[in-house]
Each structure stands twice: as C-alpha cells, then as structure tokens.
Amino acid sequence: MSIEAGLFAAVKRDAATRIVPAATRALLSDLDRTGPRRTGRMLRQRSVRRYGRGDTVGVELIFRAPYAGMLDQGLKAHVIRPRRAKALRFVVGGQVVFARKVNWRPGAGAARAKGWFTNRAKAWRRYLQDAA
C-alpha cells in the first residue's frame, strides 16, 4: 500500500465515523415519525450495532419484534383457522360473525406499509455512498 492510499483510507474512515452516526440518527428519527405504528412495540424493540473493518464502517439495525419481517416484507394470502376453539369470532359492521376459517388477503394497509424499513434503508445507503 502506498502512503497516499493509506492516507486516503484514513480520511475515508474518519469521514465515515462522523457521517454514519449522524445518518443513523436521521434514519431512526424518520422511522419513529413515519413507521407503521399500532402499539409502538416494534419501534421500541430495536437495537443498533456499529461495526468497522479496515476502511469500512457500517451500522446494522435489528428489530427484535417477531412480526417485524412480516410487516416489512408483507404476507401472502392465507387461511386463518381457530387454534383452541371450533370457530373464529369477530365483528363486521356491528354484527358478530362466527366462521370456521377465513381466507385472509392483505389489504391496502398492508400494501402501504410494505417495505417501509427496507425502502428507507436503501435511501440511507444511497445517501452515504453519495457522501463518501
């Protein structure tokens, strides 16, 4: 490695160690504001792991809620059946309905939420590549 390359790597890593934490805070703030929220459990159960190898500095965001992947990647249509009873019970239009099974299809809400984290992480990655 030449001296110039070594200096470039040091400057690149130094710049990355300043840019990555700021970009991570901005991403987390964006997720807090715009992420799908019913109870807030998924956004509360996250952790950030920073790592560095050579001239590479990165961040890994981990969502520990068991349904985080399903919310981000979406679900296929599937059948819902009761586990501990003979029928499902729910209310539709003010009427109580019983059913042995329900053919569930993700609706507009699921389509709107699909990829919320993945899309923002990709935008964040592009931002960092442009800044480097």
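Arg33 is exposed, with 58% of relative accessible area, and it pairs with Asp30 in a salt bridge whose closest N and O atoms are 3.3 Å apart. All of this comes from a predicted model, so a look at confidence is included below, since where pLDDT is low the predicted coordinates should not be read in detail. The chain has 132 residues, and 22% of them count as buried.

**Salt bridges**

- How many salt bridges does a search of the whole structure find? The search gives two.
- Asp30 and Arg33 both sit in helix α1, and because they are three residues apart there, about one helical turn separates them.
- The other pairing to look at is Asp32 with Arg46, whose side chains meet in a salt bridge at 2.8 Å, N to O.
- Asp32 belongs to helix α1 and Arg46 to strand β1 (residues 46–53), so this pair ties together parts that lie 14 residues apart in sequence.
- Asp32 counts as partly exposed because its relative accessibility is 30%.
- Arg46 is partly exposed too, with a relative accessibility of 21%; the cut-off for buried is under 20%.

**Overall fold**

- Five helices and six strands make up the secondary structure of the chain.
- Along the sequence, these elements follow the pattern α-α-β-β-α-β-β-β-β-α-α.
- Among contacts with a separation of 6 or more, 55% are between residues 24 or more positions apart.
- The accessible surface of the chain is about 10000 Å², and carbon and sulfur atoms hold 54% of that.

**Nonpolar core**

- In soluble globular proteins, nonpolar side chains tend to be buried together.
- Here, the largest nonpolar core has 16 residues, and Leu31, Met42, Leu61, Phe63, Trp116 and Phe117 are those with the most contacts inside it.
- Which elements give two or more residues to this core? They are α1 (3–34), α2 (41–44), β2 (56–63) and α5 (116–131).
- Helix α1 supplies the largest share of this core, with five residues.
- Leaving aside residues up to four places away in sequence, Phe63 touches Leu31, Met42, Leu43, Gln45, Arg46, Ala68, Trp116 and Phe117.

**Surface patch and a loop residue**

- Met70, Leu75, Ile80 and Trp104 make a nonpolar surface patch of about 320 Å².
- Met70 is in helix α3 (residues 68–73) and counts as partly exposed, at 42% relative accessibility.
- Where does Arg105 lie? Arg105 is in the loop between β6 (102–104) and α4.
- Arg105 is exposed, its relative accessible area being 61%.
- Arg105 and Ala77 are 28 residues apart along the chain, yet their C-alpha atoms are separated by 4.4 Å.

**Confidence**

- The chain has a mean pLDDT of 76, with 76% of its residues reaching 70 or more.
- Which element has the lowest mean pLDDT, and which the highest? Helix α4 (residues 108–113) has the lowest, at 55, while strand β5 (residues 95–99) has the highest, at 95.
- Over residues 1–8 the pLDDT falls below 50, and this stretch has one contact in the model beyond near neighbours in sequence.

Notes. Residues numbered from 1 in each chain as written. Predicted model: local features only at pLDDT ≥ 70, side-chain atom pairs only at ≥ 80, totals over all residues. Heavy atoms only, no water. Patch = residues over 30% accessible without salt bridge, like charges linked within 9 Å, V, L, I, M, F, W, Y side chains within 5 Å. Areas by Shrake-Rupley, 256 points an atom, 1.4 Å probe, with all protein chains shown as cover. Salt bridge = Lys/Arg side-chain N within 4 Å of Asp/Glu carboxyl O. Helix = DSSP H or I, 4+ residues; strand = E, 2+ residues; numbered from the N terminus. Buried < 20%, exposed > 50% of the residue type's maximum accessible area, 1.4 Å probe, protein only. Core = buried A, V, L, I, M, F, W, Y, C linked by side-chain atoms within 4.5 Å. Contact = heavy atoms within 4.5 Å. pLDDT = per-residue confidence, 0-100.
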